[in-house]
Amino acid sequence: MTSVLYDVPGPKARRISLIGSIIGVIVIAAIVVLAIMTLARQGIFEGQRWAIFGQADVWSLILNGVGATLSAAAVAAVIAFPLGLLLCLMRISDVAWIRIPTRIVLEFLRGMPVVLMMLFVLLVFATSSFVAVVAGLVLYNSAIFAEIIRAGIQSLPKGQREAGLAIGLTSFQSRLTIELPQAIRRMLPSLVAQLVVLLKDTSLGYIVAYGELLRAVQVMADFLGPQFLFPVFFVAAAIYIAINLAVSRLAIWIERRGSKKAAGGMAHVPVAGTVPAK
Amino acid sequence: MDVIIESLPQYWDGFLRTLFLAVVSGIIALIFGTLLAAARVSPIAALRGFSMAYVEIVRNTPLTIAFFFAAVVLPRLGVTFQQFEVAAIIALSAYTSAFIAEAVRSGVNSVPIGQAEAARSIGMKFSQVLSLIILPQALRTVIPPLINILIALVKNSSVAGAFYVLELFGYGKQLANEHGDAVMSVLIGVAFFYLLITVPLGYLATVVERKVAIAR
Amino acid sequence: MMAFLTRRKSLLVAASAALALSLSACGGSSSTTNPPVAEKPSFAADSTMAKLSSAGKITIGTKFDQPLFGQKGLDGKPVGFDVEIGKLIAAKLGIGADKIEWVETVSANREQFIKQGKVDIIVATYTINDKRKTEVDFAGPYYEAGQSLMVNKDNNSITKPEDVKGKNVCSVTGSTPAATIVEKYGAVLVPAATYSACLEPLRNKQVEAITTDNVILAGFVNKEPDAFKLASDETFTKEPYGIGLKKDDKVFRSWINDQLEAFDKDGSYKKAWEATAGAVIKTAPKLPAINRY
């Protein structure tokens, strides 16, 4: 698509584009340098502020935080995915008294901030903060997984279901054995994108004092002193971005692999799931 | 339930502030996100590179870190503001625009190639092809996902409660502390006010989705 | 910290002044005591003390983000005055410090944790008040704090709570000090997730003051005496800190009360204070009159 939006640039356009690019890069670099200098004037890059990263204790706390983040995300994902499948099947059920209440529940879950669900679970059910975080993530993400898979099923050619019914499968059997596997494969990129959202949302655990990465560094900065706030936050941000980029890369890799196999048949249907939501 | 009725003024105040954050950030994010998407498909390499880097980094950063940068790091860089809503709006719109850019880009990709070819064959420039032919069509198909992004934005604004802005969720926490015996009712009240914004938006998305499906 | 000192000596010499400050701050709350553990104490059968004592372990709830009282150190264990009080009580049950399981409790979940038996006792800057007493029991108080205001060093316009009327004041969302400063003194609340998150807006003069219990603020002033100060030494509320336990366990409650009085007599109360908050708050507290209700 991109390539047909404009003519292949000629020598003059290329020159203008190059000059523009250079100016743009210079402007951005200038802003970055200015920002770094301003921060440096406030002593943020002094060696001793960063020397704490030479300490094993500091890294063990950071790694504990990473572990807490990853374990909450992993447990939540493992529960949310099957639950999402179930909710999806209920949402498209032929039976009205299953379909309609499920729809209401899904609307409700999608429309609520994740922080609110975490706090609710913590206060009303008096759970540990880990359970509250996982529950909040599961409630929200299973609803989104359900919506993504539903969008995948709807994007399938009608013939798939018709063929299934024609060979004598029941409606449910056709959903389970014919439509669902195709829908999941088709929506894999969106599902992985949602995984990144789920992973990022563990950082909302601050609301229930769950010791994930961000809270771990916050507590550490409180202990060490406020001058260490910036260094530990920069490191935490870098770790977060690195982990999420890795998962996102995985999504892109899957997408490429899938589209090669299906020869372009991998429709990236935009649904709520690709949205970062809390 | 008495708690909810008794605390209606607080709920209402929080609701209005949440709505304000969402509407202002939403408008800024829609504009900035569309510009980012346009930059992503433009002939200028630096713009493409900037747009790609921005979207990649922001999409992979937790919202809380975006808030930290807007509310704590920016003032250190000399960008100070007396109203903390400004920081919240910067964080929310900077974060949301990355997702809007991605949605608009996939919308641009969904417009049949022939449209652009036809436009160019009648002599349109890149800016004309994009603004007159591609974006109007793309925006229509991306409206449902855009609405979903806006729903997420409304809910994301709840993080502002931890970053110096007293909005709906902040009031909810306060009321929960004051009414320790009625925590459930208090939080259900908060949920109700969020749903007051998000459910109609979700319904709108469904309706538009249906309309668009017929149009195609 | 010490191992680090020897390892990176050259680097540290250059920055000694700044580090000395941070070290004294860490040191202020990170030193701990190891109270002598009672050998085979005997208790009335069926009492909570007997149960805990024979189990040989206890679960204590405390805060992990409250400087000087309960703050998580680099080794992952909490340190502070609350923690020392918890250790002293455990020792009287014949439970050593290594057998205590520390659970982080936040203001929002303390009552629930006690009710559900997730913790045996809570020592967590836990203010005794009548509303909470309907849900849990309190031993103590073992310390009396009070709400106060912290301002920038160069700010002389705020000396009493009445001065913040209509001004931005930072506090933790949904905390009692936040409610007091707004409802009683008409301040504009700027909410944050933790008290330490209030420091940056104060430094940037986006808020006029931070408000919470004086002991927490004293911890911040101690870490940065050139930047901040307490608006006044006077407090404008009374926050008696108690030890939370299950409702209607009168035997356990009065036993803890007896222990608190014993700690005062044998000097271990003073020792616990000096090892922790006393490094910063020079005036040693007197054990408040125990409230035996």
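Which handedness does the crossing of H2(B) and H3(B) have? Before I answer, some conventions: this is a predicted model, in which local features need pLDDT of at least 70 and side-chain atom pairs count only at pLDDT 80 or more, while totals for chains, interfaces and linings use all residues. Residues are numbered from 1 along each chain as its sequence is written, with chains lettered from A and ligands numbered from 1 in the order in which they are written.

The crossing is left-handed, the term for a near helix turned anticlockwise from the far one by less than a right angle. The axes, lines fitted to C-alpha atoms over the stretch in contact, with angles from 0 to 180 degrees between N-to-C directions, come within 7 Å for helix H2 (residues 8-40) of chain B and H3(B), and cross at roughly 130 degrees. That makes H2(B) oblique to H3(B), since angles under 35 degrees count as roughly parallel, over 145 as roughly antiparallel, 65 to 115 as roughly perpendicular and the rest as oblique. Helices here are DSSP runs of H or I, at least four residues, numbered from the N terminus.

On the H2(B) side, B:Leu36, B:Ala39 and B:Arg40 meet residues of H3(B) including B:Phe50 and B:Tyr54, contact being C-beta atoms, placed from the backbone, within 7 Å.

Turning to chains A and B, their contact takes 48 residues from chain A and 51 from chain B. On chain B, H7(B) gives the largest share of the side that touches chain A, 11 residues.

As for confidence, the model scores ipTM 0.87 and pTM 0.85.

How values were computed
Two residues are in contact if their C-beta atoms, placed from the backbone, lie within 7 Å. Helices (H or I, at least four residues) and strands (E, at least two) are DSSP runs, numbered from the N terminus.
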